Amino acid sequence: MSHFVVMCIGANYKEQLAPYEETDESPYVVFTPTEDQLRKDYETGTTNCFVDPKGVPHQMCSDEFRNPNVFDPSNRYICPAGWTEKKVPVKEVYTTWESYLADYCGEEPDEQTGRLGYWSNPNAKWDWYVVGGRWSNWLRHKDGTKVDQARYGDIDWAAMLAGHVEFWTKVYDYVWPKIKDTPESLPWSDFYDRAEREEITFDQARTEWKNQPRIKIAEELAEIARRNQTKSDVDSWIGWDLNTEAHTFTADKAMFVKLRAEESLSTFAVVKDGRWFEKGKMGWFASVHDEKDPETWTSIWNNLVRDIDPDTLITIIDCHI
């Protein structure tokens, strides 16, 4: 499950958020039948498996294979020594339609319709939320206090941006001298996509990504940051995010700091006049699909939050999905 920050523009944030609730009991739900797609997936689909030395496939996404190293986003499940990782036809793992439905899909006929399917809000974005939450005190008031909610005209946007500029300058000044002499690295997504296209295995993808000189240094810096007793904001970011963000560093310090600071000022989504605008589609474990690049989203976000009446209420929401 995932948390993400949303800016709601207007006093009636509850009413504006209501149409986007993930629920099966509201005026916004519709029934979606799934049997046709499920049968197609059963007949033609594949699933990622770990295959034991006897050739028996085992579902990869199982607790017995879960990686205890929570800091490694590229290797959530570990293939046992002597086993192989490969895509296997679903029908080889689940030999009957009934076992596929029960054990792989967890599907049963809907009580109300008697059909395979589900009731949902097609526009769902959240299942619960709280004002502030993990982003408590995100806004800075012109009187110097930090708040979750304020009039637009009372928010010190310049001071907020300056704070992000200071943070990213510190990050850059610490990281860049240590990686500047290494070749530019490719993002993990490039290797993941190659594995999805079955050009390489997922094990090879993880190995190739981690073997990039810049990623090796990033991993070392991240480990140092995680052990650092000060636990500063910079240490926290380096410890959690540097390995997956190392490819974003360039020799142009001013541009790097500017882009990251403006990106940090923006929220993941904005609700304005009852309409939902987002950087991408938030999924489980903070995975984002159809994500806009930082410059595009920052431009959209800036257009949404400029020229607002000074008396308009701004609320920061911690949404969960």
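Q: Which residues touch the most other members of the largest nonpolar core?
A: Among its 27 residues, W168, V171, V175, W237, I238, L242 and F249 touch the most other members. A nonpolar core is a set of buried Ala, Val, Leu, Ile, Met, Phe, Trp, Tyr and Cys residues joined through side-chain atoms within 4.5 Å; buried means under 20% relative accessible area, exposed over 50%, and partly exposed in between (1.4 Å probe, protein chains only). One caution before we go on: this is a predicted model, where local features need pLDDT of at least 70 and side-chain atom pairs count only at pLDDT 80 or more, while totals for chains, interfaces and linings use all residues. Residues are numbered from 1 along each chain as its sequence is written, and side-chain values use heavy atoms, leaving out hydrogens and water.

Q: What does V175 touch?
A: Leaving aside residues up to four places away in sequence, V175 touches I238, L242 and F249. Contact here is heavy atoms within 4.5 Å.

Q: How do I read a helix such as α10?
A: Start from its length. The expected span is 1.5 Å times one less than the number of residues. The 13 residues of α10 (residues 253-265) should therefore span 18 Å, and the end C-alpha atoms are 18 Å apart, which agrees. Then look at burial: F256, V257, R260, A261, E263 and L265 are buried in α10. Among the elements covering these buried residues are α5 (157-179), α9 (233-245) and α11 (294-305).

Q: And which residues are buried in helix α4?
A: In α4 (residues 97-105), W97, S99, Y100 and L101 are buried. Their cover includes α2 (35-44) and α3 (90-93). After α4 comes G106, with a positive phi near 65°.

Q: Where do I find a positive phi in a residue other than glycine?
A: The general idea is that most residues other than glycine have a negative phi. In this model, N137 has a positive phi near 65°; N137 sits in the loop between β7 (128-131) and β8 (139-140). With a relative accessible area of 38%, N137 is partly exposed. E198 likewise has a positive phi near 65° and lies in the loop between α6 and α7. E198 is exposed, at a relative accessible area of 53%.

Q: What is the volume of the second largest pocket, and which residues are the closest to its centre?
A: Rolling a probe the size of a water molecule over the atoms shows where empty space is left. On a 1 Å grid over the protein atoms alone, a pocket is an open set of points where a 1.4 Å probe fits, with protein on both sides within 12 Å along at least five of seven lines; lining residues have an atom within 4 Å of a point. The second largest pocket has a volume of about 480 Å³. Of its 22 lining residues, E22, N121, A124, K125 and I321 are the closest to the centre.

Q: Which elements each supply at least two residues of that lining?
A: These are β6 (117-120), β12 (275-278) and β13 (281-282). The largest share, three residues, comes from β6.

How values were computed: Points joined across faces, edges and corners; volume = space filled by probe spheres on them. Helix = DSSP H or I, 4+ residues; strand = E, 2+ residues; numbered from the N terminus.
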